[in-house]
Number of protein chains: 2
Amino acid sequence: MGVLLGIGDDAAVLDPSSMRGNLVWTIDEQVERTHFRRDLAGWIDIGWRSFMSAASDLAAMGAEPWCALSALSLPADFEDEDLDALARGQHAAALRLGTAIVGGNLTRGEVVTVTTTLLGTAERPVLRDAARPGDDIWIAGRLGLAAAGLFALDRGLHDERLDGVKEAWLRPWARIGEGRHAAKFAHALVDVSDGLAQDVGHVGEASGVRALFDENLLRDHAHRTGLESIAELLVLDPLELMLTGGEDYALIAASDVPLEGFWRAGTFVEGQGVALKRATGRERELFELGYDHFRARLEP
Amino acid sequence: MGVLLGIGDDAAVLDPSSMRGNLVWTIDEQVERTHFRRDLAGWIDIGWRSFMSAASDLAAMGAEPWCALSALSLPADFEDEDLDALARGQHAAALRLGTAIVGGNLTRGEVVTVTTTLLGTAERPVLRDAARPGDDIWIAGRLGLAAAGLFALDRGLHDERLDGVKEAWLRPWARIGEGRHAAKFAHALVDVSDGLAQDVGHVGEASGVRALFDENLLRDHAHRTGLESIAELLVLDPLELMLTGGEDYALIAASDVPLEGFWRAGTFVEGQGVALKRATGRERELFELGYDHFRARLEP
């Protein structure tokens, strides 16, 4: 692993000669009442999803995780057993991705924050600025399920048919393997954290292309993943869930060849903006859609 | 610098072939009402000291900063001009240390948190576990001034004689040069962030030695730096300020040869614990002293 010194000194020490390619480096902070509420998730879930959220940024570069540091701020009344559960969730997620947390920082704060910084490696990191008109929009992972799960958790709905979508929100995972595969072929790559429409917009803007989702392809996906019937149960629009729901940590790639483990959701074309091509052939602009963390919708 | 990609994509990309030695990696989080209060410091100060606090961990390994990421959580009513000042403070501190912030994360939260992760390089990182009996205790930087400054700020004291100590708390700096020099000779190295007595205890514990401060040497330092007269003005004990005050970000080294830029404060001896050798020759144990962030003394 090349970790010469882990937790216990002022800093971790790594041996760069053990790594190949470029270093890819990210930081992500998950904040109580912005990203999670303690009445909706266990601390082990919060640890897991915080780690996966950060790791998804590496997946979105086509990188492989190397190692991680974690910074926690915790209120005075935070129980030791809760800290233990939080750390177990973080470590389980790290283990799941074949990486490790090699150091960190612990401090007092009025709300819980879980910050993760991850170093990864990539021979050829994939940016977001080289999508071309004619590239297809490829997705790795499922869409809309985490948003449906959060809705069900937030309303306190108890129905075993909702267990799967709750799990999707509570225990997402970063698409590291798919990202590494995409890195061989894709012109652009990002992850879905704020919502499909919003995140594909980052590719469109950086690359100077227009993203056009195909309603039929999205509806196929909703049918295949069970999102269609869940949305019916919750009286929600499956397309809305897919286009605006974040936190599935799916990947969006721009590629002119099919990508293993990805499904096709539309096409990049000349122009700008993000739109949905209806089954009727008409295009609906999706400019304003997307989950904005700054709306802090998790406040009770 | 080896920074291939900075702010704007999912992660930063670095070229490790541009670096020498080992990677040294740290994360530090500064939390409103634990580490700072907005009525005591400007946002530019808060940005500066947050960055320096993290960089001090690299100094404490004998490392040189390479580059940094920053994660901010900010309340909904946080003004753009305050964010601008905060960022200017961070960038000024980075510039002062010859490094740069190459990416980050911005999110909503009820209290301000400023988290900094720094990568540095060191040919030979200095740990805390190899101090030997007979090594002297060497200090780089001043002690007690930041604690006096925080006291003056907290009480709203206005006297131009206090400007220097207020500045010590508001604008500390990481002792990178001294740390790199110490790395050539020192057996152990840490920084003072929680308080001299507490932080030297980390060396003592890891190395299995006893730290014995010399009251005469500490009083000499207090006299030389002006802490003596400031303490008199504030009716505080200069020794107490030096032994328990953190946030000067001084360095403590264990070395059997003098270190350039360091002053001698005592000796490591056989045994355990931390003590002050009084001018009378008697030893006073300092077991319980130190600034505990978990006491959250900054709450108004």
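Q: What rotation superposes chain A on chain B?
A: A rotation of 180°, with 0.0 Å of shift along its axis and an RMSD of 0.0 Å. The two copies are thus related as by a two-fold rotation axis. This is a predicted model.

Q: And how much of the contact surface recurs?
A: 100% of the contact residues of chain A recur in chain B, so the same surface serves both copies.

Q: Switching to annotations. Which residues does the UniProt "binding site" cover?
A: The unreviewed entry lists Asp10(A), Asp57(A) and Asp191(A). They do not all gather at one spot, because the farthest two C-alpha atoms are 32.7 Å apart. UniProt also places a "binding site" feature at Asp194(A), again from an unreviewed entry.

Q: Where is Asp57(A)?
A: In helix α1 (residues 43-59) of chain A. Asp57(A) is buried, at 11% relative accessibility.

Q: What does Asp57(A) touch?
A: Its contacts beyond four places in sequence include Asp191(A), plus Asp10(B) and Ala11(B) from chain B. Its side chain also makes a 3.1 Å polar contact with the side chain of Thr26(A).

Q: Asp191(A): buried or exposed?
A: Buried, with a relative accessible area of 2%. Asp191(A) sits in strand β8 of chain A. A polar contact of 2.6 Å joins its side chain to that of Ser56(A). Asp10(B) is among its contacts.

Q: Where does Asp194(A) lie?
A: In the loop between β8 (188-191) and α6 (196-207) of chain A. Asp194(A) is buried, at 17%.

Q: Last one: what lies 2.7 Å from a side-chain polar atom of Thr34(B)?
A: The backbone oxygen of Arg108(A). Thr34(B) is buried, at 3% relative accessibility.

Conventions
Residues numbered from 1 in each chain as written. Chains lettered and ligands numbered in written order. Predicted model: local features only at pLDDT ≥ 70, side-chain atom pairs only at ≥ 80, totals over all residues. Heavy atoms only, no water. UniProt positions renumbered as here; feature names shortened; annotations may be inferred. Helix = DSSP H or I, 4+ residues; strand = E, 2+ residues; numbered from the N terminus. Buried < 20%, exposed > 50% of the residue type's maximum accessible area, 1.4 Å probe, protein only. Least-squares fit on C-alpha atoms with pLDDT ≥ 70 in both. Contact = heavy atoms within 4.5 Å. Polar contact = N/O pair within 3.5 Å; in protein donor to acceptor, adjacent residues only side chain to side chain.
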